[in-house]
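Visitor: I am new to this structure and would like a close look at a single part of it. Please take me through that part slowly.

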Amino acid sequence: MRVLVVEDEEFLAGMIAEGLRRDAVAVDIAPDGRAALDRLRFGAYDVMILDRDLPGLHGDEVCRRVVGMRLLTRILMLTASGTVRDRVAGLGLGADDYLTKPFAYDELLARVLALGRRARPALPPVLQRAGLTLDTARRQVCRDGRYLSLSRKEFAVLETLLRAEGAVVSGDDLIEEVWEEDTSYRTNAVRVTLSKLRAKLGAPAVIETVPGAGYRIGDGLADGPGDRGPASGPVGGDTTGPVNGSADQPDGGSVNRPGESR
């Protein structure tokens, strides 16, 4: 899931982004309305968290323009004004949800995830394929009954591949879905993350590399294209030797251990 935070208060924007990234959500920040519109024209976002009281181009006008662009992006409007009249006005502009400041982060996360589900075709909360079970609500993954401890980026990559239901996902699409726009290491991050993810999933290989196209979840019945070396293209596939950098280093920690809620 990709989220755009439009907030002129730098500290608040950073706090929201940091929290969402801990929950495996890719986040970009726009400090004002015009910057937000520029990002929306050239990038796809599932949810936009929009401060209503923006300087310059007001949040109301940003909302109107986004609705007029006929994007699939869902809008969660934030404001310090919490009267019924204000909420009705915000929703009347085309916002999908409305949250007043101050707010609890857990509530913000729940609303963002709910809007994200509405921005995509309806899919079950538990994804299953090739012996893999991924529970999006509990943030847990297991293969053939064995629970796996994945980093947040590994979890997000696996979720993206499972949602494709066997279709090929290009490296560029993985970058667009999982990594933030300004991540300098993201070209190398796909192959680093996939290498680690494949090792944790174990044999037989379930993530296949399709040369020149990308990656997909195979049937997991035997070693397949996933072990045949790198795919061609701008981001490439897994390397057999050391790879500089760590794609998971900025995440800090892991997700989906049994018993954890996130």
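Visitor: In which loop is the place of Pro204?

Guide: This is a predicted model, in which local features need pLDDT of at least 70 and side-chain atom pairs count only at pLDDT 80 or more, while totals for chains, interfaces and linings use all residues. Residues are numbered from 1 along each chain as its sequence is written, and side-chain values use heavy atoms, with hydrogens and water left out. Pro204 is in the loop between helix H8 (186-201) and strand E11 (207-210), where helices (H or I, at least four residues) and strands (E, at least two) are DSSP runs numbered from the N terminus. The peptide bond that leads from Ala203 into Pro204 is cis, with omega near -5°.

The second largest cavity is lined by Arg198, Leu201, Gly202, Ala205, Val206 and Ile207. A cavity here is a set of points, on a 1 Å grid over the protein atoms alone, where a 1.4 Å probe fits but cannot get out, and lining residues have an atom within 4 Å of a point. About 30 Å³ of space lies in this second largest cavity, the volume being the space filled by probe spheres set on the points, which are joined across faces, edges and corners. By class, its lining has 4 nonpolar, 1 polar and 1 charged residues, where Ala, Val, Leu, Ile, Met, Phe, Trp, Tyr, Cys and Pro count as nonpolar, Asp, Glu, Lys and Arg as charged, and the others, Gly among them, as polar. The structure holds 2 cavities of 30 Å³ or more.

Conventions:
On a 1 Å grid over the protein atoms alone, a cavity is a set of points where a 1.4 Å probe fits but cannot get out, and a pocket is an open set with protein on both sides within 12 Å along at least five of seven lines; lining residues have an atom within 4 Å of a point.
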